[in-house]
Amino acid sequence: MGDVAMTVPVLRIFTATYPQIKVTVLTRKFFFPIFKNIPNVSLFAADVEQLHRGLFGLSRLAKELRDIEINAVVDLHNVLRTNVLRSIFYFFGIPVKQIDKGRAEKKALIDPDNGIFEQLKTTHQRYADVFAELGFPIDLQKPLLPPKKLQLTKNIWAVTGTGKEKWLGIAPFAQHDAKAYPLDLMLEVIETLQTNSEIKIFLFGGGKEETEILNNIEQKFSKVKNVAGKLSFEEELALISNLDAMLSMDSGNAHLAAMYGTPVITLWGVTHPFAGFAAFNQPWENSIFPDLTLYDKIPTSIYGNKAPEGYEDVMRSIKPETVVAKINEILGFTTSD
């Protein structure tokens with residue numbers, strides 16, 4: 001989901017730069033709300049579980065796309081399915097340009113013997129490079145963001161309630177444990193924030209296990225609301241667009257918030273933004289890292305799935321008070337507040 005969300009700022013700049021070009025985004029139907037309100041963009045559902053499953057399904061999908069008279073394809077994913085589609089498009093005479101994921105550079109970045117610790121090209125720039133290869137260069141230094149606040153539905157208001165508090169989103173989970181802030185420390189963060197009556201916290205997550213954990217947290221604090229399981233994905237996006245800030249791991253919620261221009265505080269574990277996955281157009285100061293002197297092999301993984309011995313608890317070197325101080329700074333509260 002994070003990769004999908006990262007395409008949005010790039011598409012906004014592309015469609016503004018080339019308003020005469022119609023863009024059709026091929027993605028799972030669940031992700032359609034992510035692309036809402038982007039000019040000149042239509043959506044095409046990839047049903048990879050049924051209709052477009054397997055080689056025959058992908059052949060059907062390629063024919064369906066050919067029949068809507070696409071002139072060229074920009075592959076921002078470069079995985080097995082899109083490589084199969086590329087081969088079929090080749091026989092149709094439809095040119096395809098693919099993202100260079102920089103796998104060799106990223107492998108070198110996480111190899112402690114190389115001694116390489118430098119910023120690699122961002123994923124957003126890699127996306128932009130594919131459009132440039134097709135003949136449509138764009139400038140990511142001129143970001144275009146939608147009106148930040150999407151309309152809130154009655155269902156959303158029923159969850160959020162009314163009031164003039166600052167709205168803080170917290171997405172405490174990540175796909176891999178080594179890049180998720182320990183739950184006991186996150187509870188310390190929430191408990192401290194709760195002493196400020198001007199802050200209301202909304203918890204984001206998904207799946208049965210995460211929802212149960214978030215429900216338990218909600219019950220402990222008066223000004224914490226769990227939105228998991230209570231809102232549709234589209235409603236969650238509307239709420240995210242109305243937040244005053246989002247606290248997230250190196251995960252999809254950081255990118256969902258960034259595409260609306262919502263300030264994002266990102267906590268990093270064994271991964272690092274040098275790999276190119278920082279949230280779009282967010283200041284470096286909003287990234288909080290473990291003790292990089294003590295854990296000098298970071299990043300040990302591009303996606304957070306590899307933590308060498310002794311690095312399982314790197315997040316514990318991030319003090320809750322450091323997280324609280326950054327949140328208060330973003331929300332406009334002084335330390336004494």
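These legends go with a few close-up views of a predicted model.

Residues are numbered from 1 along each chain as its sequence is written. In this predicted model, local features need pLDDT of at least 70 and side-chain atom pairs count only at pLDDT 80 or more, while totals for chains, interfaces and linings use all residues.

View 1. The structure has one cavity of 30 Å³ or more, a cavity being a set of points on a 1 Å grid over the protein atoms alone where a 1.4 Å probe fits but cannot get out. The largest cavity comes to about 40 Å³, volume here being the space filled by probe spheres set on the points. Its lining (residues with an atom within 4 Å of a point) is made up of Arg12, Lys36, Asn37, Pro146, Leu150 and Tyr260. Sorted by type, that's three nonpolar, one polar and two charged.

**View 2. Helix α5 and what covers it.** Helix α5 spans residues 123-133, helices being DSSP runs of H or I with at least four residues and strands runs of E with at least two. Its buried residues (under 20% relative accessible area, 1.4 Å probe, protein chains only) are Thr123, His124, Arg126, Tyr127, Ala128, Val130 and Phe131. Among the elements covering them are α1 (2-17), β3 (73-75), β4 (96-98) and α4 (103-109). Just after α5, look for Gly135, with a positive phi of about 105°.

**View 3. Asp184 in helix α7.** Asp184 sits in α7, which runs over residues 183-193. Asp184 counts as partly exposed because its relative accessibility is 37%, partly exposed being the range between under 20% (buried) and over 50% (exposed). Thr122 is 62 residues away along the chain, and the two C-alpha atoms are separated by 32 Å.

Key
Heavy atoms only, no water. 1 Å grid on protein atoms, 1.4 Å probe; cavity = no way out; pocket = protein on both sides within 12 Å on 5 of 7 lines; lining within 4 Å. Nonpolar A, V, L, I, M, F, W, Y, C, P; charged D, E, K, R; others polar. Contact = heavy atoms within 4.5 Å.
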